[in-house]
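The stops below go from one selection to the next.

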Amino acid sequence: PAPPPPRKAPPRRRAAAYAQPPEQPGPLATATVEGYHSFVPLDVPDASRRSRTPSFLCKATSSVDGEAYSLRRLDGPPVPPEPLAAALAWRSLRHPSLVALVDAFTATGPAADGRVGRATYFVHELFPAAISLERAYFGTPGSAGNPGTPPSMTPTEDGLWDIALPLLSAIHAVHSAGAALRIVDPAHVLFTDPHTESTTNHPN
């Protein structure tokens, strides 16, 4: 069966999704990947972070429906067809604490450094003002030319319950659907607004 359509974004979120930063030159700005265009980087790639597969997160606009989406490009060898098909089963999962998967595919497109090659892309609904649990509570590490950012939130008992309950609800929904969350990574647990938490999942 066809996956259910993504949830309709409220007006304020839609306005934030279409806010455009200053145009950035290079292959990314002019790329079109499987009908997605107008790429805007959403994070700074860091291949050294723990053991994750290096990846790059962008906002892009679909030429099919004109909506903005979040696209994560996994660097390295493309995901083989069989596990990629299994990943597409996540499109049917809809839960208030899960960021909906819209599509997953292998295509040729530019990496964060501008090099063009084949990679695997995961398309999710976009929450433009979201901040990850990792960034909220641990900040981001500095590097050459990048001072990093300090934590923006302080853990409290009530706050930890606000994190735990939606996570448990999301995990229960995933398990009930016969799927699994291999790793609950704080970089992929999102505060989608000041009072809402959602989680994304992809194989890295």
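Select R73 and D75. In this predicted model, their side chains meet in a salt bridge, with 2.4 Å from N to O. Side chains of opposite charge can pair when their charged atoms come close. How many salt bridges does the count come to? The count comes to one.

Now colour the pair by accessibility. R73 has a relative accessible area of 6%. R73 is therefore buried, since the cut-off for that class is under 20%. D75 has 25% relative accessibility, so D75 counts as partly exposed.

Next, select Y36, F39, L71, F105, Y121 and V123. These are the residues with the most contacts inside the largest nonpolar core, which has 16 residues. Which elements give two or more residues to this core? Show β1 (36–41), β2 (55–62), β3 (68–74), β4 (101–110) and β5.

Leaving out residues up to four places away in sequence, F105 touches V33, E34, Y36, L84, A119, T120, Y121 and V123.

Then switch to another selection: L74, A87, L93 and A170. They are included in a second, separate core of 13 residues.

Move on to E125. This residue lies in strand β5, which covers residues 116–125. Is E125 buried or exposed? E125 has a relative accessible area of 4%, so E125 is buried. The side chain of E125 reaches the backbone nitrogen of A100 at 2.9 Å. E125 and L101 are 24 residues apart along the chain, and their C-alpha atoms are separated by 6.7 Å.

For the last stop, go to the surface. Select W161, L165 and L168. Together they form a nonpolar patch there, with about 350 Å² of accessible area. Where is W161 placed? W161 sits in helix α5, residues 157–176. The relative accessible area of W161 is 49%.

To finish, show two of the stops side by side.

Definitions and conventions:
Residues numbered from 1 in each chain as written. Predicted model: local features only at pLDDT ≥ 70, side-chain atom pairs only at ≥ 80, totals over all residues. Heavy atoms only, no water. Helix = DSSP H or I, 4+ residues; strand = E, 2+ residues; numbered from the N terminus. Buried < 20%, exposed > 50% of the residue type's maximum accessible area, 1.4 Å probe, protein only. Polar contact = N/O pair within 3.5 Å; in protein donor to acceptor, adjacent residues only side chain to side chain. Salt bridge = Lys/Arg side-chain N within 4 Å of Asp/Glu carboxyl O. Patch = residues over 30% accessible without salt bridge, like charges linked within 9 Å, V, L, I, M, F, W, Y side chains within 5 Å. Areas by Shrake-Rupley, 256 points an atom, 1.4 Å probe, with all protein chains shown as cover. Core = buried A, V, L, I, M, F, W, Y, C linked by side-chain atoms within 4.5 Å. Contact = heavy atoms within 4.5 Å.
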